[in-house]
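Please look over the sequence and the model shown here, and then read the short report that follows.

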Amino acid sequence: MGIEAWYMDSSDEDQRKPHRLQPNQAVSLEELKQLGVCYWKLNADIYENDPALKQIREDQGYSYMDIITIKKDTLPNYEEKLKMFFEEHLHLDDEIRYILDGQAYFDVRDKKDQWIRIAMSKGDLITLPAGIYHRFTLDETNYTKAMRLFVGEPVWKAYNRPADEYEIRQKYVASSACFFWVLRDDSSSYMVVRLKRTLSWRYSVGSCCTRPSSWPRDSFRRPR
Ligand SMILES: [Fe+2]
């Protein structure tokens, strides 16, 4: 089973509540993919030695990893941080989070600027593309433990909305096609595969944006 996502209501009530529309308007994984949001389900009980996680990290180049516990007693400046996480913002790099325990919500803007709420729970790994406006909150259980992944040295800087002047934002907005090119087996021509694109020419492919590990890395080419 995958994650559940839905369009949000516009109520100012507690951010930790689900904020579903009545009736609920669900958002599929495919729709999330169209926004550049990728998802994997893993077994969080074995995260320390999980070959599936290891493979994803190798394929995607997620060299950095740390673990953050968001809970009143364990996170310094808890209230202040929660408020900060819920400010609408973007990053210059992908945001990659793997929920090891507890639950949380990621909210992302769709292409029409509507909020979509993504309910994350144990075992959910998600990537939000660089340049997408988003925010984060705990749900009413007030606890989550998450792995933060990053390509290279982590940069956590957030740019609060409005941040439309950043090139990354403009590239994200223009990236709705989500296409890229792959060298064909006969080495003579190219085919297009629809997928997630990131701006540093890191690509991923497949049903969950995962490049099959059997594909050689150098079979990926920039579009011409
Ligand atoms: Fe963020």
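## Terms and model

A residue is called buried if 20 or more other C-beta atoms lie within 10 Å of its own, exposed if 12 or fewer do, and partly exposed in between, with C-beta atoms placed from the backbone. This is a predicted model, in which local features need pLDDT of at least 70 and side-chain atom pairs count only at pLDDT 80 or more, while totals for chains, interfaces and linings use all residues. Residues are numbered from 1 along each chain as its sequence is written.

## The annotated binding site

An unreviewed UniProt entry places the feature "binding site" at His89, His91, Glu95 and His134. These residues are spread over 46 residues of sequence, yet they cluster in space, with a largest C-alpha distance of 11.4 Å. UniProt positions are given in the numbering used here, feature names are shortened, and annotations may be inferred rather than shown by experiment.

His91 lies in the loop between β5 (89-90) and β6 (95-109), where strands (E, at least two residues) and helices (H or I, at least four) are DSSP runs numbered from the N terminus. His91 counts as buried because it has 20 C-beta neighbours inside 10 Å. Not counting residues up to four places away in sequence, His91 touches Ala130, Lys157 and Ala158, a contact being two C-beta atoms, placed from the backbone, within 7 Å.

His134 belongs to strand β9 (residues 134-137), and His134 is also counted as buried, because 23 C-beta neighbours lie inside 10 Å. Leaving aside neighbours within four places in sequence, His134 is in contact with Phe106, Asp107, Val108 and Leu128.
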